[in-house]
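Have the model open while you read.

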Amino acid sequence: MGFHRFYETWFDHLRLLVDQLSQAPKPPTSQDHHDALHHLVQKAMAHYAEYYRVKSLAAKHDVLSVFAAPWSTSLERSLLWIGGWRPTTAFHLIYTESSIMFESKIVDILRGLRTGDLGDLSPGQFRRVSELQCDTVREENAITDELSEWQDGSGDMLGLVCGGIAYGKMERLGRVLEKADDLRLRTVRNVVEMLTLQQAVQFLIAAAELQFGVHIWGFFGGSVLDRGFGWADKEGGEKGDQDAG
């Protein structure tokens with residue numbers, strides 16, 4: 001099974017996991033609920049780990065195809081950072097979700113009631129988020145610089161068509177992609193470990209829904225544009241025929 005087919009199956013399974021996470025009691029109301037929720041979070045993390053494991057194997061076979069992500073929509077590809085989502089997006093997502101939830105429950109919070117969700121992050125958690133974000137930005141920049149060096153060294157197209165040189169270039173690009181994917185997975189793991197169980201569930205749901213939303217938006221928007229251009233071409237052709245007549 002090619003990676004494209006694997007991704008479609010993986011994406012559908014992610015939807016099922018998100019449905020399960022969304023339907024689970026939050027916060028858990030019993031030890032059984034807590035254990036079940038913890039199991040679902042572990043399943044979600046294992047699902048992401050499996051994605052990057054299979055992606056790494058596919059990249060060893062054809063790194064350029066994996067890097068280009070042909071299974072994604074045009075919109076998704078326009079947002080990619082080195083073959084995937086930018087790791088620091090996770091922190092922007094936390095800040096956004098935290099702000100939305102805080103504002104929606106501000107009356108309860110002012111009364112001293114703890115909501116336990118992402119709108120109720122502790123000062124220590126905010127500090128840890130900031131530290132993780134700074135560390136991730138540094139790693140992102142280092143990997144981006146490494147990709148820039150690879151691109152700068154690819155100016156000699158004659159060298160790229162020589163077997164040994166081309167293989168070495170592709171192997172180096174594969175290592176850059178592997179570093180980027182490793183940072184992506186580590187970022188999600190670090191964020192989940194820093195949050196409470198309820199908060200981790202909300203983060204995983206929000207991250208997946210963002211992924212689903214961009215995919216659907218890209219697919220739907222692209223279809224609309226295609227239909228629009230097709231209509232315009234058809235109209236132009238009909239008009240041209242009429243003028244010619």
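**Pockets, core and a buried aspartate**

With ten residues, α9 is the top contributor to the lining of the second largest pocket. Keep in mind that this is a predicted model, where local features need pLDDT of at least 70, side-chain atom pairs count only at pLDDT 80 or more, and totals for chains, interfaces and linings use all residues. Residues are numbered from 1 along each chain as its sequence is written, and side-chain values use heavy atoms, with hydrogens and water left out.

**Second largest pocket**
- This pocket holds about 450 Å³ of space, a volume being the space filled by probe spheres set on grid points joined across faces, edges and corners.
- Its lining has 20 residues, and S56, A59, K60, G174 and E178 sit closest to the centre.
- A pocket here is an open set of points on a 1 Å grid over the protein atoms alone, where a 1.4 Å probe fits, with protein on both sides within 12 Å along at least five of seven lines; lining residues have an atom within 4 Å of a point.
- At least two lining residues come from each of α2, α3 and α9; helices are DSSP runs (H or I, at least four residues), numbered from the N terminus.
- By class, the lining splits into nine nonpolar, three polar and eight charged residues (Ala, Val, Leu, Ile, Met, Phe, Trp, Tyr, Cys and Pro are nonpolar, Asp, Glu, Lys and Arg charged, and the others, Gly among them, polar).

**Largest pocket**
- Here you get about 690 Å³ of space.
- The lining runs to 28 residues, with L80, G84, W85, R86 and Q211 closest to the centre.
- α1, α2, α5, α9 and α10 each give two or more residues to this lining, and α10 gives the most, with six.
- Lining classes come out at 18 nonpolar, five polar and five charged.

- Beyond four places in sequence, L204 touches L21, V41, A44, M45, Y48, V188 and V192 (contact means heavy atoms within 4.5 Å).

**D117**
- D117 sits in the loop between α6 (106-110) and α7.
- D117 counts as buried because its relative accessibility is 1% (buried is under 20% relative accessible area, with a 1.4 Å probe and protein chains only).
- Leaving out neighbours within four places, D117 contacts M101, K105, Q198, Q199 and Q202.

Key: Buried < 20%, exposed > 50% of the residue type's maximum accessible area, 1.4 Å probe, protein only.
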